[in-house]
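Subject: Structure handover and findings

Hello,

Here is the structure we talked about handing over. Please open it alongside this email.

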Amino acid sequence: MTEGLEIIEVTGRRLFDSEGLPAVEAEVELENGARGRAMVALCENSGNTDQMMEVLSECVLFEDASDQRGVDKILEETASSVGTAKCGGFLTAVSMAVSRAAAAGLGMPLYRYLGGTAPGRLPVPMMTMISGGRYGRNNSLDMESYMVVPVGAASFREGAARCMEVYQALKRLLTISGYQTGVGEDGGFVPDLRNSEEALEYVMKAMTLCGCEPGKDMCMAIGAGAGALYHEGTGFYQFKGESRMTGVPVERDRNDMMAFYIRLMDGFPVCAVFDGLAESDAEGWGLLTKILGNRAVFIGQHQYREPGGINPYERDWTGLSDWNGVEENAAGISLCGAKSVTAAMEMAELAKKNGLKLAVSQGYGETEDPYAADFAAAVNADWIRAGAPCRSERTSKYNELLRIEEWMSGYHSLPASICCDKM
């Protein structure tokens, strides 16, 4: 055991996420006095109880905090024995807090503790401009988010500044057009627009007003959230908001969705699409990336799944297709989806081994915890999608990356670079 890094206390507490819903926080103290805290929003209908928090808090006492894999294995096995669903997000919070405490105990920034000391690259921000779907506060847009991607930026600071300028220009444009500029759950504006084309048109106008050349200085990304639109019974994607605005029922099958994305890419510099089809449609994902993969990245959101009684830390996953059956050319990873730091790191490694681009993605319920920023820097993610440059639970991730960029520059005596590829 590394001297002084023994876990001597774990405290669990209930807090609130950005939507006023339950969240949990874990605080870990080590023998040398170092502490680490982490907060995670709970998913809907979570079975988390104070008793389960106590069980997970006690199971890692006196373990070596620097042995992240060993700690996470104990957490997973304990959660499995009592029912993983009952443990809610507290398992994730403890895992994150342990890594923070270990980093503090070793006197290292978290991103360096997770990723090592080799020079790294910061992700390109994908910042939400307009929100819809589950983020849109019941507005007319069916897709979750319309984002800008500063592909031509030389640094994270420059890219973030460009996104902020476009966001403010868009606010003025919407106001002039008579729309309210309230924001959705991820900080994007929530106007009642006719369809996705109109939303992208407003975003592109804002980009142009800021002096950005669409397709060169900035591209666009779409958070489709197609799983929420898909109706298992009919096999169609139902666009209820667009139907309401046009007065005509709008339903699209798999081929219609592909044609829909082609139309958007023909009209706008769209370089990435999150969750473009329902997760269960593995054949559709394969066709989507085969037909359009040379024009954009299609990012599937990965969730950790316990493989039928096999210990996840003893199973050899040979490829992402074994993992969830989805054929995409980029992977989206969130800490809550992974459930533990070790699983998230392994997901990132698997994505790279399979030649996939990597996006660290937001959650629906969020907290002000900026852990995702350190994780994105540690795994050299290509992008980070944390919402708009608005609302503190969203900006906390971007602000932390600005700090990390300073630390990187000071440590390497060179400007920190970002991943500037469009695809």
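Below are the findings, from the whole chain down to single residues.

This is a predicted model, in which local features need pLDDT of at least 70, side-chain atom pairs count only at pLDDT 80 or more, and totals for chains, interfaces and linings use all residues. Residues are numbered from 1 along each chain as its sequence is written, and side-chain values use heavy atoms, with hydrogens and water left out.

**The chain**

There are 15 helices and 16 strands. Helices (H or I, at least four residues) and strands (E, at least two) are DSSP runs, numbered from the N terminus. Of the 423 residues in the chain, 58% are buried. Buried means under 20% relative accessible area, exposed means over 50%, and partly exposed lies in between (1.4 Å probe, protein chains only). Take the contacts (heavy atoms within 4.5 Å) with a separation of 6 or more: 71% of them join residues 24 or more positions apart.

**Helix α1 and its surroundings**

Helix α1 covers residues 50-59. Its buried residues are Met52, Met53, Leu56, Ser57 and Cys59. They pack against β1 (7-16), β2 (22-30), α2 (68-82) and α3 (90-105).

Val55 is also in α1, but at 28% relative accessibility it counts as partly exposed. Its C-alpha atom is 9.1 Å from that of Val82, 27 residues apart along the chain.

Arg13 is in strand β1. It is partly exposed, with a relative accessible area of 27%. Leaving aside neighbours within four places in sequence, Arg13 is in contact with Ala23, Val24, Glu25, Glu27, Arg37 and Met53.

**Aromatic pairs and charges over rings**

The structure holds seven aromatic pairs. Rings of Phe, Tyr and Trp (its six-membered ring) pair if their centres lie within 6.5 Å; planes under 30 degrees apart count as stacked, over 60 as edge-to-face and the rest as tilted.

Tyr167 lies in helix α5 (residues 156-176) and Phe189 in the loop between α5 and α6 (196-209), so the pair ties together parts that are 22 residues apart in sequence. Tyr167 is buried at 4% relative accessibility. Phe189 is buried too, at 1%.

Phe239, Phe260, Tyr261 and Phe298 form one aromatic cluster. The charged end of Arg252 sits over the ring of Phe239, 4.4 Å from its centre. Lys205 lies over the face of Tyr202, 5.8 Å from the ring centre. A charge sits over a ring if NZ of Lys or CZ of Arg is within 6 Å of the ring centre and within 35 degrees of the ring normal.

**The second largest pocket**

About 260 Å³ of space lies in this pocket. On a 1 Å grid over the protein atoms alone, a pocket is an open set of points where a 1.4 Å probe fits, with protein on both sides within 12 Å along at least five of seven lines; lining residues have an atom within 4 Å of a point. Grid points are joined across faces, edges and corners, and the volume is the space filled by probe spheres set on the points.

The lining has 16 residues, and Gly133, Asp142, Ala228, Leu229 and Gln238 lie nearest the centre. Elements giving two or more residues are α7 (226-229), β8 (230-231) and α8 (240-246). The lining divides into five nonpolar, seven polar and four charged residues. Here Ala, Val, Leu, Ile, Met, Phe, Trp, Tyr, Cys and Pro count as nonpolar, Asp, Glu, Lys and Arg as charged, and the others, Gly among them, as polar.

**Helix α14 and positive phi**

All eight of the eight residues of α14 (residues 371-378) are buried. Asn380 follows the helix, with a positive phi near 55 degrees.

Most residues other than glycine have a negative phi. Two further residues to check are below.

- Phe62 has phi near 70 degrees. It is in the loop between α1 and α2 and is exposed at 52%.
- Lys339 has phi near 85 degrees. It is in the loop between α12 (335-338) and α13 (341-353) and is partly exposed at 28%.

Best wishes
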